[in-house]
Amino acid sequence: MPKKYGLVVDITKCNGCYNCFLACRDEYCGNDYPGYSAAQPYSGHFWMRIIEKERGQYPKVKVAYTAIPCMQCEKPTCIDAASNKAVYKRPDGIVIIDPEKAVGQKEIVSACPYRVIYWNEEKNLPQKCTFCAHLLDQGWKVPRCVEACPTGALVFGDLNDPNSEISKIMANAKVEVLHPEYGLEPKVHYIGLPKRFIAGEVVFKDKKDECAEGVKVTLTGNGTTKTVNTDNYGDFEFEGLEADKDYAVVLEHKGYATKKIKVKTKIDVYLGEIVLSKAIAKRS
Amino acid sequence: MSEKVFTSCTVGGPISVYVKDGKIVRVRPLVVDENDLKPWTIEAKGKKFSPPKQVKTAPFTMTERMKVNSEERIKYPMKRIDFDPKSKDRRTENRGKSGYVRISWDEALDIVAGEIKRIRETYGPEALTGITSSHHNWGTVGYKLGPFMRFMHCLGFTFIFDNPDSWEGFHWGSIHTWGFFWRLGCPEPYDLLEDTLKNAEMVVYWSNDPFATWGTYSGGESQIWRIWTREAGIKQVFIDPFCNYTAAVIGDKWFAPKVGTDSAMALAIAYVWLKDDSYDKKYIDTHTIGFDQFKQYVLGKEDGIPKTPQWAEKICGVPARKITSLAKEWASKRTVLSCGVRGGFGGAMRLAYGHEWSRIMVFLQAMQGLGKPGVSMWGGSMGAPHNTDFYFPGYADADGKLFCTNAADKKIPNPVDQRLYRLLFPDAILNPPIEWRGEGFCGQSIEQQLKPYKYPLPGKSEVKMFYRYGSSFIGTMTETNRWVMAYQSPKLEFVVNQDCWWGGETKFADIILPACTNLERDDIAEFSNAGGYSAHGGSGCNYRIIVREQKCIEPLYESKTDYGIFTLLSERLGVKEDFTDGGKTEMDWVKRYFEISSLPKHISWEEFNKKGYYVVPLPENYKSTPALRWFYEGRACDTPDYLNPKRNTEKAHELGTYSGKIEFVSQSLTKHLPDDKERPPMPRYIPSWEGPDSPLAKKYPLQLMSPHPRYSFHTHYDTHSPWLCEIPGHRIFKNGYYYQTVRVHPSDAEPRGINEGDIIKLYNDRGAVLGVVHITERVKPGVVHSYCSSIRYDPLEPGKPYSIDKAGCVNMLSSARMLSKNAPGMAPNSCLIEIEKWEV
């Protein structure tokens with residue numbers, strides 16, 4: 001079976017070191033690879049772009065880094081936008097913008113909904129990541145970005161080989177693509193794409209110097225129900241929630257009045273200190 | 001034209017350099033033959049952990065091509081336009097303001113040699129001084145302690161002690177608690193990766209951001225260890241006023257004490273353990289002294305104030321209940337305490353009385369049985385399995401310095417006794433005499449840091465000529481407008497700057513000499529091995545690799561190698577024979593270093609020279625000797641910590657303190673400085689002179705923290721590698737200029753009318769700098785975070801001290817006051833400021 005190259009980006013292993021971005025710059029800035037790509041300008045292009053997403057509010061904060069190269073779509077819209085067959089897909093699935101034929105075709109840039117094609121003003125040319133096709137063709141096993149990644153957050157390989165590392169990861173982990181609704185069948189897959197979280201700290205009004213451990217916290221909404229207990233710091237967290245949905249958080253503890261809080265996951269939400277008061281004894 | 005591939009090394013790791021038509025076209029992490037890499041495996045918690053068969057470098061190393069070809073290279077020898085060596089009036093007030101003219105190498109060298117001669121003859125050799133910056137390149141023969149120091153030793157000069165700027169609190173504090181003076185107060189790191197993965201249940205990173213500090217020189221090698229730590233089910237907790245890069249990605253909990261109040265939080269943890277009886281009493285009895293006095297202090301028997309979590313909450317702002325829970329969890333789990341990259345670094349000790357926090361950190365782990373499996377002090381980026389039998393010197397070893405190495409036929413001592421201290425250099429010029437204690441990097445003994453010094457020495461000249469190699473201090477020292485003023489003093493009759501790039505200090509020189517980078521010359525060095533006080537720092541790498549740093553391209557423009565420049569100067573000054581050790585070329589030195597190392601036993605010179613590297617294999621029967629396990633078990637030291645003076649003696653089971661134990665009450669301080677209230681024999685929480693509760697906070701309510709940068713190294717790379725400036729965490733482009741990124745909490749930005757991306761002014765009575773604001777939840781309210789180490793210094797009014805700096809040298813704002821009276825370390829994180837929107 002012919003090779004079909006793909007990339008898995010494991011966001012849970014990425015700390016935003018930018019080695020991938022910089023190795024990409026080193027490979028392409030000022031360097032022409034005839035037939036594959038013309039030199040990238042020394043600034044302004046991000047063929048391997050990193051989106052830094054700061055999540056939550058002080059003191060519950062996380063950062064997710066999402067590395068975004070060309071998605072190497074199976075059904076690339078850039079091909080349709082190009083005239084003169086200036087964009088083509090190789091048998092191994094890599095999408096190439098021909099650096100000669102594509103001159104002047106600015107519409108190729110706007111054809112990409114992922115916004116990973118950059119316009120080279122000086123050369124009058126659309127440009128993007130090629131998975132380092134010029135190196136793969138020389139026998140390299142991985143592109144520059146993958147070689148430079150220190151944590152194994154980028155895994156590259158042949159999707160058609162069931163024994164390749166990437167195929168095994170794809171088979172065993174929950175992988176997603178960016179914007180599946182575009183229907184372009186990207187060959188860049190993600191593990192751990194940031195969703196939304198709802199977190200908070202429970203405090204007992206009568207025992208503010210003790211962390212409220214073991215409080216039952218139930219999240220309902222968007223068709224699911226999840227229950228956790230607060231940890232030894234009185235903290236709880238629901239991770240991986242859908243954006244822009246309505247949820248309710250119910251906090252229950254024996255002897256304390258139950259509390260219900262409505263939350264919309266417009267952003268990641270840290271509810272701060274949630275104070276539970278003693279339940280008022282019912283009159284007999 | 002054909003492509004050639006060379007090998008070299010950087011502060012962020014070894015590289016393969018691809019050259020075509022005399023130009024560098026590609027820089028990769030060193031490409032090593034897979035057969036040369038034999039990865040070790042650590043089995044822990046039912047999993048197997050093994051490193052990739054590849055070298056992993058730091059991000060800035062991926063910009064090496066940019067850095068070498070930087071537009072900011074010094075291209076030609078230059079002379080300040082209004083500097084006339086024949087005139088008595090040197091127009092020193094124009095330093096930092098006047099432009100430069102290009103001159104020939106001959107003219108430049110004649111002026112420099114002529115001035116050295118004149119000054120030595122007029123005032124004596126004491127009048128000559130000079131100092132290097134650190135780590136602008138990597139190597140042995142051409143490193144900062146190479147040609148520059150050998151040349152200066154040949155002449156004799158007033159040597160300037162570096163302050164241990166990254167060690168401070170552990171150097172001036174913890175040495176008196178657990179010895180380790182040979183490591184400047186930091187602990188040994190041996191085999192703690194394996195010990196942590198196997199035995200620890202929690203790591204508390206206290207003022208430590210290993211994803212940002214790159215194991216110092218080990219690039220990306222240890223980054224994966226923290227992924228493994230998570231996979232091994234070990235909880236990772238962070239204490240830092242900034243939700244740092246490691247905490248933000250891998251942290252299970254983040255606690256943010258107010259800057260400078262960490263000691264109070266730590267004492268409250270000890271209080272909980274004392275109350276709960278959850279500390280190792282047997283260990284305290286057998287392995288420590290002075291605990292009772294500490295116990296009395298913590299319980300409030302000494303000063304009437306019990307150091308309860310409620311007491312600490314009022315000071316540090318972390319809720320008492322959280323401190324209590326952390327203390328209980330810590331006592332119930334095998335916990336690693338991780339203070340900075342060497343186990344003893346961190347911004348929490350680069351501030352007022354930082355030695356108190358550093359000492360109390362050791363106390364906490366002593367209370368939990370330091371040295372027990374899973375109970376260590378470990379920075380998290382050293383301590384992999386490492387072949388320590390194989391010898392190759394690092395730059396901090398005696399053999400690593402050209403003036404005193406065994407690679408030389410003749411060693412050259414400095415005949416001059418007079419000394420200066422880097423942090424006090426501006427005061428020495430502007431307001432002598434000066435006094436201080438200690439030799440800076442005091443790795444020889446506990447007493448070395450207590451020795452009093454005076455400048456100038458009686459009957460000796462003050463310094464008149466400054467030979468500056470590098471350009472970093474305005475971006476790295478404290479209250480650095482003082483450096484601007486010192487440079488403009490007529491007392492400095494002549495200033496030379498020798499460097500590869502223009503930087504903050506370059507424009508204060510009378511003559512500028514262009515040096516080349518290590519990709520333009522020959523050298524030899526080991527990945528991440530500094531030696532000496534950082535012995536076996538190469539254990540921050542997954543493989544031990546010695547690199548033949550090959551000359552990849554000819555020196556650019558008119559630059560020359562440092563060795564070449566000093567050879568030409570030494571010839572003019574009649575010391576060439578000594579400087580070159582009887583006529584050695586750079587390649588002769590490289591071969592000599594090959595010969596004095598263990599390399600010849602394993603590889604021929606010809607093969608090494610051609611192949612470009614040697615991977616030192618791990619012995620088949622490698623035996624793990626975890627740090628301080630010997631001490632815990634009461635055995636003789638069995639780690640390869642070769643500078644430990646008690647090792648292999650009858651006291652080999654002892655620590656390096658006077659008592660040989662962990663000293664809650666320091667015997668060395670009791671003996672030498674018993675009445676020092678700022679660094680008493682037993683550490684205490686001492687409120688900062690400039691912190692959240694000091695009167696100045698009314699005028700300047702925000703606390704500036706300025707850690708070592710993440711994406712650059714010291715001042716290196718930075719704007720010399722403009723790609724880095726397109727990383728938003730490093731610099732932000734606005735109105736045609738790359739401004740320093742300044743992190744501010746929304747609750748501090750909003751009342752000041754500051755919006756995301758605004759240019760803001762950071763200021764206090766010591767200066768003002770500009771930066772672009774990033775509004776973020778990652779900083780504690782009241783804290784402003786901006787990395788130190790701007791290479792550029794771009795005053796709006798050039799040459800005017802206290803001009804606003806556009807480049808972001810936040811070190812202008814920090815105080816020159818030292819850690820404490822007798823502990824002359826820098827305290828840049830004790831710094832109150834105000835910010836406001838800057839209207840252009």
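Let me begin with one residue, A:L154, which, leaving aside its neighbours within four places in sequence, is in contact with A:L7, A:V9, A:C20, A:A67, A:C145, A:V146 and A:C149, where contact means that two C-beta atoms, placed from the backbone, lie within 7 Å. Before I go on, please keep in mind that this is a predicted model, in which local features need pLDDT of at least 70 and side-chain atom pairs count only at pLDDT 80 or more, while totals for chains, interfaces and linings use all residues. Residues are numbered from 1 along each chain as its sequence is written, and chains are lettered from A and ligands numbered from 1 in the order in which they are written.

A:L154 is also among the residues that touch the most other members of the largest nonpolar core, which has 321 residues, and A:C20, B:L267, B:I269, B:A270 and B:L762 are listed with it. Such a core is a set of buried Ala, Val, Leu, Ile, Met, Phe, Trp, Tyr and Cys residues joined through C-beta atoms within 7 Å; a residue is buried if 20 or more other C-beta atoms lie within 10 Å of its own, exposed if 12 or fewer, and partly exposed in between. Helix α9 of chain B, residues 262–276, gives the largest share of this core, with 10 residues; helices (H or I, at least four residues) and strands (E, at least two) are DSSP runs, numbered from the N terminus.

Now to the two chains, whose contact takes 33 residues from chain A and 41 residues from chain B. On the side of chain A that touches chain B, α1(A) gives the most, with 6 residues, and that side divides into 12 nonpolar, 10 polar and 11 charged residues. Here Ala, Val, Leu, Ile, Met, Phe, Trp, Tyr, Cys and Pro count as nonpolar, Asp, Glu, Lys and Arg as charged, and the others, Gly among them, as polar.
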